[in-house]
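Student: I would like to learn how to read a ligand site and the packing of helices, taking one feature at a time.

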Amino acid sequence: MGNRTTIIAGNWKLNKTASETRSTILALRNRLVGLSTRAEVVVFPPFVSLETAIDAARGTGVKVGAQNVFWEQSGAYTGEVSTAMLEALGLNFVLLGHSERRAHFGETDATVARRLEAVLHGTLTPIVCVGEVLEERESGTTGEVLARQVEGALRDVAPDHIGRVVMAYEPVWAIGTGKTASPLIANDAHTLIRSSIAAMFGRSAADETAILYGGSVKPENTATLMSESEVDGVLVGGASLDAGSFAEIVRAAG
Ligand code: PGA
């Protein structure tokens, strides 16, 4: 759709030290030189590498985001990081509600909503992840699950803030498995997500919301996924760790 932002995001998960972060971003910069892309290219290194990432990405056009953030600004919350701390580093983006946070760290739609509210009080662009597990897809409840996750995560978003929210559809069965969703499955799920947003915020807000696809995205399948009308970008895990394959994905996304 015309004016939706295209985003190519690399979620590095629990990978790369600060020095590996620096060398990967510099290698990515070299591979992207001369490439004209309409996309925002963003990498999401671990917290301890963010400052190095910002420094390495300066002047390259590559943006940097965090993989998570807490909802309180300060206080007795051992191990947590606030939105103001991330903004002070010069970050642009933050992932929220990734399925690995939900599966391993007790994240729920309610905690995603609290994080999202905190992010929207500041300046970061949130990428809110939703997606069904295999049993849900096989039992035909994908639509319900996606609606519940979207409504749960966005329930406290003010109407004038919805324009800042980016969504990511990441079917859990496709993450790290090599089983990419077919372009048709992705497009249908994105349409469902967009309908839930439309029910909450109106059709035009929904039509302007960028929705990324994530789950075993590779250089070979990027172009077909991106050719779907409802797919506005990709969120890449494994294939974003190597500068060469991530640059190929940026190239394939056009
Ligand atoms: P994958 O991960 O590309 O390795 O499947 C995607 C993600 O978890 O964001």
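Student: To begin with the ligand, how far does a polar side-chain atom of His 98 lie from an oxygen atom of the ligand?

Tutor: Some ground rules come first: this is a predicted model, in which local features need pLDDT of at least 70 and side-chain atom pairs count only at pLDDT 80 or more, while totals for chains, interfaces and linings use all residues. Residues are numbered from 1 along each chain as its sequence is written, and side-chain values use heavy atoms, with hydrogens and water left out. A polar contact is a pair of N or O atoms within 3.5 Å; within protein, one must be able to donate a hydrogen and the other to accept it, and residues adjacent in sequence count only if both atoms are side-chain atoms. Here, the polar side-chain atom of His 98 lies 2.7 Å from a ligand oxygen. The side chain of Lys 13 also places an N or O atom 2.7 Å from an oxygen of the ligand, and for the side chain of Glu 170 the distance is 2.7 Å. The ligand taken alone exposes 280 Å², of which the protein buries 95% (accessible areas by the Shrake-Rupley method with a 1.4 Å probe; for residues, only the protein chains shown count as cover).

Student: How many residues surround the ligand, and how do the residues of that shell divide into nonpolar, polar and charged?

Tutor: A residue is counted as near a molecule or strand if one of its heavy atoms lies within 4 Å of it. By that rule 13 residues surround the ligand, and Gly 176 and Ser 216 are among the closest. The shell holds four nonpolar, seven polar and two charged residues, where Ala, Val, Leu, Ile, Met, Phe, Trp, Tyr, Cys and Pro count as nonpolar, Asp, Glu, Lys and Arg as charged, and the others, Gly among them, as polar.

Student: Where does Ser 216 lie?

Tutor: Helices (H or I, at least four residues) and strands (E, at least two) are DSSP runs, numbered from the N terminus. Ser 216 lies in the loop between β7 (211–214) and α10, and its phi is near 55°, a positive value in a residue other than glycine.

Student: At what angle do α10 and α11 pack?

Tutor: Axes are lines fitted to C-alpha atoms, for helices over the stretch in contact, and angles run from 0 to 180 degrees between N-to-C directions. Helix α10 (residues 219–226) packs against helix α11 (residues 243–253) at about 25°, with their axes 8 Å apart. That makes α10 roughly parallel to α11 (under 35 degrees; over 145 is roughly antiparallel, 65 to 115 roughly perpendicular and the rest oblique).
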